[in-house]
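Morning, everyone. I will talk through some aromatic rings today, so please keep the model open while I speak.

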Amino acid sequence: MILQRRTEVDLCASFLQTLSIQHDCIATIGCTVRGAMPYLRQPVPNSFLAFLAGVILAVSLFGQSKMDTSSWTTLDDHRNMMEQLGIKALRPGPSGNESAPNHANYDESMANPYPDLPDVLKLKNGKKVTSAAVWWKQRRPEIVEDFEREVVGRVPQIVPKVVWEITKTAEAMLGMHPVIGKQLLGHVDNSAYPDVKVDIQMTVVIPANAKGPVPAIMMFGGRSIPEVAFPAPVFPGRPGAPPLRLPAAPQPNADPPAIEQLIADGWAVVTISPVSVQADNGAGLTKGIIGLVNKGQPRKPEDWGSLRAWAWGAGRGLDYLETDKAINAKKVGIEGVSRYGKAALVTMAFDTRFAVVLIGSSGEGGTKLHRRNWGEAVENLTGSGEYHWMAGNFLKYGAAEASFGSKTAGDLPVDAHQLLALCAPRLTFVSYGIPEKGDSKWLDQQGSFMATVAAQPVFRLLGAQGLGIREDYHTAKMPGVNVGLHDGQLAWRQHDGGHTDAPNWKFFIPWADKFLNHNGGASRQ
């Protein structure tokens, strides 16, 4: 009988756990019931079990009482996540001001306190990955799990559906090229929580003279395309059309805008607004798509951050492009600069439908190695200014004092080279500028090059070409400015401009054309 009663109590305890009741409530009820066990002379009656179940349900509802987050600030949300994780204090991130007492390190002799990276081709059981099958079935899922749990967070299993609406269309000239433009809104179903409304903003511009489906680049940032005004006039030469508007004279030796270069080469251009998906601040985590799914409640430690939410939005944009007969949905790329460069990398890593990525000046949280002590650090991302990009669990790696002690970047189970490896064997182009023109040392170009080199083995394993660098990441020398390494599916180029990827488009487009078998001229004939 004692065994039977203990089994019943254990079942009740399990029920408590599934209801996610606070640990102190579980402990109190568990101790009370188990403490009474030696004094029970008769089998536990069903009426008692029913009563206990009622108590459990009442306590669970009490423990899950909703928080009023309507007036929450970023500091409120940040503090809440620290409390959930048992963190009492975080280390402050280094300053970008080199005259500040806590300025960032720019001494290469001190830049690698954790010189050895997690082996991208070693399973957690210690066995080496020697085949593509083992990579896809075992090693890649291991890396994905670590990133989702500790770094960028998990997309919920159930996310509301998106219904796309074309709100406006236009015919216009982009430079000397006729285009067809569409503005769209992706309405996210908010019937389960009407207090939060999410409409994804996207623009699609297609060469008007394309003879078949064309490849497309989706650009993060919601860039405006002033040439595609809404409503816009019909093409010049048609009835009612205004005179042909010639493009403004370019600056001497300046490249045409990226959008114009792409249209001229027979690509479609898609722009998507990340902040229409999820706000770029901690106060917005109870709003946007994250807040909609969580019904206005704070995140749990493994929940997705803004980077993963923006990537989810890009995926929903690709869902639409798969229905557009003018687009070759097998040849859609993603692009972004700075924080949106991080988002482009995360998008490419987790959504294998994207065929190509241009990652511009992404720094910490992007292609920069977390383990590098150079410029921006993990502690900057765990502070209240940037923590919203990441999973809540990421804060642990900036903890100075916590219930679990403290953790550093060296405790992370993964690093940036593995995020790049998740893109393999698809086309992956890493772009940076130079500090002298505004692409700050803070971004750590050297650390990003090391990560790109360290991702090479996976590209090679899967039959793709890497950078062509034989040395490993410990000793490989970063090539000079304007020296591109783009003969393979993994590419690197540091241009001589600033915090932009603009100077690299004229190299990216032919590189992508080659591997995607896209003949820009032929697509318009």
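Rings of Phe, Tyr and Trp (its six-membered ring) pair if their centres lie within 6.5 Å; planes under 30 degrees apart count as stacked, over 60 as edge-to-face, and the rest as tilted. This is a predicted model, where local features need pLDDT of at least 70 and side-chain atom pairs count only at pLDDT 80 or more, while totals for chains, interfaces and linings use all residues. Residues are numbered from 1 along each chain as its sequence is written, and side-chain values use heavy atoms, with hydrogens and water left out.

The structure holds 13 aromatic pairs. One of them is Tyr 432 with Trp 492, a tilted pair at 5.7 Å centre to centre with 35° between the planes. This pair links distant parts of the chain, 60 residues apart: Tyr 432 is in strand 10 and Trp 492 in strand 11. Strands here are DSSP runs (E, at least two residues), and helices are runs of H or I, at least four residues, each numbered from the N terminus. Both Tyr 432 and Trp 492 are buried, meaning under 20% relative accessible area; exposed is over 50% and partly exposed is in between (1.4 Å probe, protein chains only).

Next, Trp 511 and Phe 515 form an edge-to-face pair, 6.1 Å centre to centre, with 70° between the planes. Both lie in helix 13, four residues apart, about one turn of the helix. Buried or exposed, what is Trp 511? Trp 511 counts as buried because its relative accessibility is 3%, whereas Phe 515, at 21%, counts as partly exposed.
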